[in-house]
2 protein chains.
Amino acid sequence: MEFKFKPIGIVHSPFRQKEDIPRDKNKTSEGFKDIEGCLEIFPEFEAGLNDIDGYSHLFVLFVFHEAHRKSLIAHPPHDGQPRGIFATRSPHRPNPLGLSIVRLLQREGRFLQVGELDMIEGTPILDIKPYTPRDLKPEAHFGWLEKYLT
Amino acid sequence: MEFKFKPIGIVHSPFRQKEDIPRDKNKTSEGFKDIEGCLEIFPEFEAGLNDIDGYSHLFVLFVFHEAHRKSLIAHPPHDGQPRGIFATRSPHRPNPLGLSIVRLLQREGRFLQVGELDMIEGTPILDIKPYTPRDLKPEAHFGWLEKYLT
């Protein structure tokens, strides 16, 4: 069984390639706070952006297009220990699907200016979804990551 | 350009088909609070579940396999008004990718018992990611949805 998806848009980012993102940025909640960029949605999907204004945060589902190996084990930057891939956000996953939350700054037609961006230039976007109250889990706890929280 | 993904697992749910989910359940944060089920991860991916214990919430990226039309406009249950698809969580999207957050109750080998489940039986799972502190956006606001929050 196989599922096929085509990009609805592309990311424009100050990070030109994956080596431009210091790994330590992923260790804190603030690492990407000041990074701004643009989500370009292709013209045939522009009508799908109606009513997106007023949402402060958007989920972006994207392809880790520069992830060229798949692994079940990752070594996150926090402590270098091996961790099961599904307990991490590493790009090197069985399906190289990424999930980021960006801050929506402004919509100009089919271009979304966004903040808190952690993707690289040219990242293929598969979907955009609004961040809703159901996505807020203030009671959450965080497994192995807990001891590295500041 | 096209990207292909294969399921890493499958959802087991008390909802046998999509008609079993009352649309009104999607209108509140509590609608799926008491729904429990199981994420079955296929044997070849079981090692990827290491270290997942201790996370209270998981993102599940899945395929809306019962969504048989694609639209740029949805009519969410809140007010029946037409909304751009990317301002909703409707299944009838250009790429029928779903995103849910479930509560991890227990891991038993390659089976994850979960709560707050809103997917139907047989849903193909493409990825599982931990919900981390970076995903908490207490300052978020919610566009057109705001006036329907209780």
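In this predicted model, a rotation of 180 degrees with 0.0 Å of shift along its axis places chain A on chain B with an RMSD of 0.0 Å. The two copies are therefore related as by a two-fold rotation axis. The same surface serves both copies, since 100% of the contact residues of chain A recur in chain B. Of the residues of chain A, A:K4 comes closest to the rotation axis, its C-alpha lying at 2.3 Å.

Residues are numbered from 1 along each chain as its sequence is written, and chains are lettered from A in the order in which they are written. Because the model is predicted, local features need pLDDT of at least 70 and side-chain atom pairs count only at pLDDT 80 or more, while totals for chains, interfaces and linings use all residues.

**The interface**

Contact, defined as C-beta atoms, placed from the backbone, within 7 Å, links 59 residues of chain A with 59 residues of chain B. On the side of chain A that touches chain B, the elements giving two or more residues are β1 (3–5), β4, β6 (83–84), β7 (97–108) and β9 (124–130). Strands here are DSSP runs (E, at least two residues), numbered from the N terminus. β9(A) gives the most to this side, with six residues. The residues of this side divide by class as follows.

| Class | Residues of chain A on the side touching chain B |
|---|---|
| Nonpolar (Ala, Val, Leu, Ile, Met, Phe, Trp, Tyr, Cys, Pro) | 35 residues |
| Polar (the others, Gly among them) | 11 residues |

β1(A) and β1 (residues 3–5) of chain B run antiparallel and are joined by three bridges; two strands pair if DSSP finds at least two bridges between them. A:K4 has B:K4 as its bridge partner in β1(B).

**The fold of chain A**

Within chain A, six strands close into an antiparallel barrel in the order β2-β3-β8-β7-β4-β9. Neighbouring strands of this sheet are turned by 45 degrees against each other on average, direction ignored; strand axes are lines fitted to C-alpha atoms. Strand β2 (residues 9–12) of chain A pairs with β9(A) in the antiparallel sense over two bridges, and A:G9 has A:I125 as its bridge partner in β9(A).

A:E44 lies in the loop between β3 (37–41) and β4 (57–63) of chain A. A:E44 counts as exposed because it has 11 C-beta neighbours inside 10 Å, where exposed means 12 or fewer other C-beta atoms within 10 Å. The C-alpha atoms of A:E44 and A:I120 are separated by 23 Å, the two residues being 76 residues apart along the chain.

Technical notes
Helices (H or I, at least four residues) and strands (E, at least two) are DSSP runs, numbered from the N terminus. A residue is buried if 20 or more other C-beta atoms lie within 10 Å of its own, exposed if 12 or fewer, and partly exposed in between; C-beta atoms are placed from the backbone. Two residues are in contact if their C-beta atoms, placed from the backbone, lie within 7 Å. Copies are superposed by least squares on the C-alpha atoms of residues with pLDDT of at least 70 in both. Axes are lines fitted to C-alpha atoms, for helices over the stretch in contact, and angles run from 0 to 180 degrees between N-to-C directions.
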